[in-house]
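Student: Could we go through this structure together, starting with a pocket and then moving on to the aromatic residues?

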Amino acid sequence: MRPLLDICICTCKRPEQLRVALQSLAELDLPADADVSVTVVDNDPEEQGGKAVVESFATDSSLPILYVLEERRGIPIARNRCIQEAQGKNANYLIFIDDDEWVARDWLVKLFRFAQELGGNTVVNGSVIRELPDSVPAYYSRYFSRRKRQTGDHLTYCATNNVLIPMKIIREFSLSFDERDPFGGGEDVLFFSELHTKGGDIIHCAEAKVFEPVPISRANLRWLSRRKYSAGITLAKQKLQSGRSRLGILLSAIFQLMVAGVLCLFGLVFGGLRLGSRPWLRLCRSVGMACGVFGARSDFYRVVDC
């Protein structure tokens with residue numbers, strides 16, 4: 001029997017971005033030895049803005065697509081609904097991308113081929129290439145990019161913005177996204193950290209590329225600062241999940257905060273925002289990590305930015 005790949009997209013109040021994402025899926029090269037379906041989980045119970053977009057896609061594309069409305073708001077809730085829908089389809093693989101991304105034509109072929117080469121029981125994380133507005137200072141690009149990974153790199157965690165997950169791993173490890181902080185973000189980091197801790201492998205495939213246009217509303221220091229604070233809270237949760245003591249995490253956060261503060265001051269004095277903004281963002285992350293030790297929560301993703 002041919003394996004079924006279910007591509008899942010969670011969306012909320014971003015119909016135009018969803019339209020671009022689905023259009024790129026309509027133009028995909030498909031694996032010759034697998035079946036492919038698409039699931040869109042709309043987390044906008046008031047407007048249901050994704051419904052018309054999905055209906056249009058269903059008319060124009062040969063890919064089977066399922067529209068699902070998840071009335072309970074929250075990113076982890078929507079992602080857990082994706083797992084439920086993939087299970088209902090008896091999918092062999094669940095593939096996540098974000099609703100504000102578009103995929104390269106050969107993305108799925110390369111992602112699935114690499115998964116097969118690894119034996120079909122490994123989580124495969126692909127590349128995300130972020131595209132900044134022309135009006136944004138060039139040095140901002142470093143705030144939206146990760147350390148360059150090579151194909152075959154083993155990871156301890158990843159995100160849901162370009163990832164293939166064997167469904168049997170989800171069942172074997174009884175995995176789900178933590179719904180206790182529905183708008184804080186970072187539940188995907190905790191999901192894959194748990195998977196790795198339980199013995200699952202996560203391996204990078206640099207050739208499987210998706211692209212994320214960064215809106216101007218995100219390309220500013222205020223948004224980045226809030227995001228780093230939220231990421232710091234997630235980092236504290238991740239360290240607690242791995243068995244680190246609260247005191248040890250707190251002391252580490254305080255030390256990092258002090259170092260970042262000194263570097264930020266030095267950078268602002270001698271180079272302005274160009275040199276001072278990076279240590280400032282590290283300081284924000286350290287504050288988030290310290291607050292996370294005491295159970296702080298974030299509502300960073302409650303308001304959807306377009």
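Predicted model: local features only at pLDDT ≥ 70, side-chain atom pairs only at ≥ 80, totals over all residues.

Student: OK, what volume does the second largest pocket have?

Tutor: The second largest pocket has a volume of about 350 Å³. It is lined by 18 residues, and those closest to its centre are Asp 178, Arg 180, Asp 181, Leu 190 and Lys 237.

Student: Which elements give two or more residues to that lining?

Tutor: Those elements are helix 6, which covers 187–197, and helix 7, which covers 221–241.

Student: And how does the lining divide into nonpolar, polar and charged residues?

Tutor: The lining of the second largest pocket is made up of five nonpolar, six polar and seven charged residues.

Student: Switching to aromatics, how many aromatic pairs are there in the whole structure?

Tutor: A search of the whole structure gives 12 aromatic pairs. In one of them, Tyr 139 and Tyr 143 have ring centres 6.2 Å apart and planes at 85°, so this pair is edge-to-face.

Student: Is Tyr 143 buried or exposed?

Tutor: Tyr 143 counts as buried because its relative accessibility is 9%, whereas Tyr 139, at 21%, counts as partly exposed.

Student: What about Tyr 140 and Tyr 143?

Tutor: Tyr 140 and Tyr 143 also form an edge-to-face aromatic pair, with 5.4 Å from centre to centre and 70° between the planes. Tyr 140 has a relative accessible area of 9%, so it is buried.

Student: Which residues form one aromatic cluster?

Tutor: Phe 96, Phe 177, Phe 191 and Phe 192 form one aromatic cluster.

Notes. Residues numbered from 1 in each chain as written. Heavy atoms only, no water. 1 Å grid on protein atoms, 1.4 Å probe; cavity = no way out; pocket = protein on both sides within 12 Å on 5 of 7 lines; lining within 4 Å. Points joined across faces, edges and corners; volume = space filled by probe spheres on them. Helix = DSSP H or I, 4+ residues; strand = E, 2+ residues; numbered from the N terminus. Nonpolar A, V, L, I, M, F, W, Y, C, P; charged D, E, K, R; others polar. Phe/Tyr/Trp six-rings, centres within 6.5 Å; stacked < 30°, edge-to-face > 60°. Buried < 20%, exposed > 50% of the residue type's maximum accessible area, 1.4 Å probe, protein only.
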